[in-house]
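Open the model in your viewer and keep the selection tool at hand. We will go from stop to stop, selecting a few pieces at a time.

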There are 6 protein chains.
Amino acid sequence: MTDTRPVSRFGAVELQDMPDDLRERVGAVAEKSGFVPNVFKALARRPRELRAFLDYHDALMDSDDGLSKAERELVVVATSGANNCTYCVVAHGAILRLRTKDPEIADRVATNPYGVELSPRERAIVDLALIVATESASLTEAELDDARAAGLTDDEIWDVGSITALFAMSNRLAHLTALRPNEEFFLMGRTPRS
Amino acid sequence: MTDTRPVSRFGAVELQDMPDDLRERVGAVAEKSGFVPNVFKALARRPRELRAFLDYHDALMDSDDGLSKAERELVVVATSGANNCTYCVVAHGAILRLRTKDPEIADRVATNPYGVELSPRERAIVDLALIVATESASLTEAELDDARAAGLTDDEIWDVGSITALFAMSNRLAHLTALRPNEEFFLMGRTPRS
Amino acid sequence: MTDTRPVSRFGAVELQDMPDDLRERVGAVAEKSGFVPNVFKALARRPRELRAFLDYHDALMDSDDGLSKAERELVVVATSGANNCTYCVVAHGAILRLRTKDPEIADRVATNPYGVELSPRERAIVDLALIVATESASLTEAELDDARAAGLTDDEIWDVGSITALFAMSNRLAHLTALRPNEEFFLMGRTPRS
Amino acid sequence: MTDTRPVSRFGAVELQDMPDDLRERVGAVAEKSGFVPNVFKALARRPRELRAFLDYHDALMDSDDGLSKAERELVVVATSGANNCTYCVVAHGAILRLRTKDPEIADRVATNPYGVELSPRERAIVDLALIVATESASLTEAELDDARAAGLTDDEIWDVGSITALFAMSNRLAHLTALRPNEEFFLMGRTPRS
Amino acid sequence: MTDTRPVSRFGAVELQDMPDDLRERVGAVAEKSGFVPNVFKALARRPRELRAFLDYHDALMDSDDGLSKAERELVVVATSGANNCTYCVVAHGAILRLRTKDPEIADRVATNPYGVELSPRERAIVDLALIVATESASLTEAELDDARAAGLTDDEIWDVGSITALFAMSNRLAHLTALRPNEEFFLMGRTPRS
Amino acid sequence: MTDTRPVSRFGAVELQDMPDDLRERVGAVAEKSGFVPNVFKALARRPRELRAFLDYHDALMDSDDGLSKAERELVVVATSGANNCTYCVVAHGAILRLRTKDPEIADRVATNPYGVELSPRERAIVDLALIVATESASLTEAELDDARAAGLTDDEIWDVGSITALFAMSNRLAHLTALRPNEEFFLMGRTPRS
């Protein structure tokens with residue numbers, strides 16, 4: 001059962017081969033995490049697309065205004081679980097564990113986003129995210145009112161919906177490229193840091 | 001049956017109220033088409049997100065390298081039809097009619113992307129797009145080989161998959177905001193231009 | 001992307017080749033609309049079946065008793081959209097536009113019958129129709145009570161359900177025969193009549 | 001667990017209260033079978049619709065030209081099973097048992113039309129019927145060729161598709177009216193006739 | 001349409017060839033019903049598995065403590081119908097008829113478990129069973145409260161859920177082995193015993 | 001996001017409170033693994049059912065005859081992932097990691113059993129398991145022949161099908177009881193043993 005998959009079905013661009021701006025930008029991430037997340041190596045095949053991807057990602061994920069960063073990752077892990085996206089579940093599951101300091105949350109949310117027990121606010125976030133992820137055409141004002149009743153503002157609803165939408169894209173790109181998660185992600189946040 | 005829906009459930013930003021760079025960029029589109037497409041007014045609520053959206057869109061849709069522009073719109077209309085996204089079907093259906101000079105193609109593709117009769121190359125493009133749109137988790141190498149057998153290069157496969165992924169996001173944003181198509185789109189490209 | 005499909009996968013019968021009663025009956029429709037709708041040419045392969053089809057259709061669609069004619073077409077367009085039936089969406093979409101004088105309603109209803117904004121009465125009609133179209137086995141008395149609460153009488157409920165049932169048949173016949181919509185339908189009712 | 005359901009949720013018309021032509025026509029059926037099938041009592045609420053229903057039914061079911069009568073009932077039982085229609089399964093299951101003199105066939109086909117073991121010709125008939133019943137939008141020429149390869153002529157394919165379409169309507173009418181099967185049907189054809 | 005299927009796709013073990021304990025245990029059932037139910041002949045290929053199967057079955061089905069025996073069979077027939085399992089529908093449909101003395105109940109429940117009219121308690125039992133059978137991942141405390149509101153105790157809820165779970169296994173074993181129902185089951189309980 | 005869920009929604013039986021035979025049997029497992037797996041505490045509410053569960057489990061999982069023990073766990077993790085069962089994914093994912101010494105395999109298989117890259121034999125095993133788990137009614141002889149072509153014997157096919165069936169039950173019991181995975185499982189087999 002050895003995994004000999006390449007980073008991406010369509011090849012990978014190493015950090016040193018990226019255009020200057022991307023090398024700097026991705027390099028900053030790599031320095032912080034200790035490795036270059038494979039999604040950047042795969043998408044760097046198309047620098048313009050990678051730049052837009054990074055911009056969209058940062059605009060939605062690097063913020064504590066409204067939804068907390070942990071809640072943003074919760075949306076990613078729940079919808080990536082519903083979409084069966086291994087790269088996003090493994091990579092963002094790691095970040096969710098780090099943000100929450102809960103070593104079990106990612107596996108529980110990703111395996112069964114439909115039934116996992118959460119706080120009422122978290123449940124409302126995940127419920128809305130799952131609707132947008134899997135049946136957005138029939139999203140009703142009444143379902144938005146449920147989210148509002150759980151305390152979400154319209155800006156937070158926008159965040160939940162937009163993060164879900166961004167990872168609807170991201171999950172499909174990962175499936176298209178058969179994207180392999182970096183091995184470092186699998187263990188991150190699972191053990192108490194001493 | 002009068003339609004009194006606002007542009008977006010979360011409000012709209014008029015062109016003159018957008019930040020300078022967006023006013024210029026969206027203004028250029030408006031000048032060309034004669035009106036400001038509602039998607040820009042809705043997403044301008046979040047300028048950073050709109051910028052990234054425009055960048056991603058332009059990187060994938062404004063190109064004739066590999067897939068033709070008409071084929072790119074074919075992917076958008078087929079998958080937006082499968083996702084029941086009225087804004088994208090109406091707006092990109094208009095563009096598809098203009099690009100193909102075929103007044104029937106958009107209605108046929110959007111209503112039944114699964115069965116619409118197309119050329120073998122177009123059929124391969126739509127088949128792959130539908131898999132990525134609706135069941136990307138089980139995308140197999142054999143399905144990619146079917147696309148290759150129909151003549152698609154790996155770069156064209158990337159285009160089909162990435163455009164589908166971008167509109168997986170776009171369709172969900174339109175549903176989230178209950179985005180209203182501009183009335184101009186409904187009639188564009190339906191009559192022979194004299 | 002030229003459409004070279006025949007009228008029907010199983011051949012077409014021209015008006016002059018139909019049995020006398022059908023030639024007269026279909027001819028009357030043709031005189032009024034200016035062309036012979038392709039569904040008649042396709043079904044005329046089996047005159048007995050076409051007669052029954054016409055009878056059933058007229059009994060349910062040519063009436064203003066209870067549901068208005070526009071509401072009857074609304075049921076057809078919504079359920080044909082849910083069933084991805086291009087012929088019925090294009091042909092009855094045209095009639096719906098004529099009946100409502102709303103050039104956008106058909107595209108909006110057919111593309112996303114699940115989420116399209118409608119008046120409460122129209123919403124109740126479409127909700128019931130979609131249940132009968134896609135999950136009639138679990139239709140509950142409570143769902144009928146919802147329709148009644150929106151003001152529908154039992155006769156109107158019967159109409160909604162029966163029209164949906166008739167087009168469950170009709171949509172499948174159109175798919176079976178790969179029925180091609182007449183080009184005239186695509187543009188009907190889209191422009192204000194001067 | 002006593003069944004106290006009425007014939008139909010919307011009332012029933014007894015034979016003597018039907019218009020003359022229907023009383024005669026339905027009466028002839030009743031004389032032959034020994035009772036008035038409930039579907040006629042329920043649909044007689046709308047005489048014009050019942051007439052068209054009878055005409056369509058007779059045009060497709062009372063024929064041995066191409067598909068045998070047993071094969072026609074096989075289509076009805078398989079698709080009504082897939083649609084979870086109790087009236088049609090019980091009533092046409094009885095007829096299928098009578099036509100085939102096989103007391104087990106109806107229960108086997110209705111309970112699991114997807115997997116029931118059949119002769120290759122029967123399997124081809126049921127496979128095509130299930131596609132038309134449940135996913136007709138994506139019916140392909142290749143699937144019709146599978147039916148042709150199993151020996152079905154285009155007229156027989158039309159029969160399979162049209163009978164399936166007719167019962168797509170019929171099943172929905174039965175669900176709409178909560179139609180109760182006559183108790184006589186349950187036992188018909190289950191025991192060898194001495 | 002003759003049925004020449006073997007008992008099981010993987011062969012059958014006759015009573016006399018079973019290990020002593022199973023021959024005695026299955027023999028006792030056979031003596032009571034007059035024949036050896038085919039499920040035992042099929043599973044006897046693996047004596048350890050058959051023993052565990054019998055133990056689990058008896059623990060859940062041979063009890064009147066809480067759910068009545070008829071209600072237990074109702075769960076089996078409803079979920080086996082939803083799972084399209086011919087063996088279980090035919091065999092347990094027979095037992096349900098015997099337990100209820102209602103010759104119609106099994107066909108009605110198995111054909112349309114979603115819509116069959118039942119008493120409120122029976123409806124609550126079947127509703128819960130269908131959730132566990134088809135979408136258990138999203139079972140909510142609120143759905144259990146619905147069952148409690150209909151009068152079910154937690155022990156009865158356990159029974160409904162566990163019987164459903166046992167037949168989720170059983171239905172799949174029957175499909176795996178293409179298990180043939182004994183002909184005796186088809187007629188049992190259909191006629192009033194004189 | 002603290003997890004304060006109890007072991008089971010219906011209470012838990014501690015080891016010392018179990019009947020003698022179960023205390024001994026479950027105690028032996030606990031001694032080996034260092035803790036009492038929660039599934040036993042939850043099912044011990046019904047000792048007869050737990051005994052049968054243990055017997056069935058041991059008959060199918062404690063064997064290297066045909067399928068290897070790792071392959072048996074692969075079936076459990078793949079189908080429990082498809083069924084969104086957190087307990088079984090977490091617990092058997094741990095065992096799969098131990099059996100394969102591959103720290104990534106469980107997350108990859110459980111998150112996306114449909115697309116995970118595997119050896120041809122493993123792919124055939126998982127493909128068959130997924131059919132039995134999610135659409136067993138339409139299992140065809142041709143699909144079994146695919147498994148045979150990949151080298152599986154009929155006994156191995158039986159194992160794959162029966163293990164899938166057993167966990168169809170097990171997953172539903174875990175969902176019914178809202179079964180909480182022991183925290184020990186989450187980390188087992190993730191780090192190289194020194």
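A crossing of two helices is called left-handed if the near helix is turned anticlockwise from the far one by less than a right angle, and right-handed if clockwise. Helices here are DSSP runs (H or I, at least four residues), while strands are runs of E with at least two, all numbered from the N terminus.

This is a predicted model, in which local features need pLDDT of at least 70 and side-chain atom pairs count only at pLDDT 80 or more, while totals for chains, interfaces and linings use all residues. Residues are numbered from 1 along each chain as its sequence is written, chains are lettered from A and ligands numbered from 1 in the order in which they are written, and side-chain values use heavy atoms, with hydrogens and water left out.

**Stop 1: chain E**

Select helix H3 (residues 47–61) and helix H9 (residues 154–177) of chain E; they pack at an angle of about 145°, with axes 10 Å apart. Axes are lines fitted to C-alpha atoms, for helices over the stretch in contact, and angles run from 0 to 180 degrees between N-to-C directions. Which hand does the crossing of H3(E) and H9(E) have? The crossing of H3(E) and H9(E) is left-handed. Now show the side chains in contact (heavy atoms within 4.5 Å): among them are E:Phe53 and E:Tyr56 of H3(E), and E:Ile163 and E:Leu166 of H9(E).

**Stop 2: chain A**

Next, pick helix H4 (residues 69–82) and helix H9 (residues 154–177) of chain A, which pack at about 45° with their axes 9 Å apart. The crossing of H4(A) and H9(A) is right-handed. Residues that make this contact include A:Arg72 and A:Val75 of H4(A), together with A:Asp159 and A:Phe167 of H9(A).

**Stop 3: an aromatic pair in chain B**

Over all chains, the structure holds 18 aromatic pairs (Phe, Tyr or six-membered Trp rings with centres within 6.5 Å; planes under 30 degrees apart are stacked, over 60 edge-to-face, the rest tilted). Select B:Tyr87 and B:Phe185, an edge-to-face pair with 6.2 Å centre to centre and 85° between the planes. B:Tyr87 sits in helix H5 (residues 86–100) of chain B and B:Phe185 in helix H10 (residues 183–187) of chain B, 98 residues apart.

**Stop 4: whole chains**

Colour chains E and F: a rotation of 180° with 0.0 Å of shift along its axis superposes chain F on chain E (RMSD 0.0 Å), by least squares on the C-alpha atoms of residues with pLDDT of at least 70 in both. The two copies are therefore related as by a two-fold rotation axis. Finally, look at chains B and E, which do not touch: their nearest C-alpha atoms are 19 Å apart.
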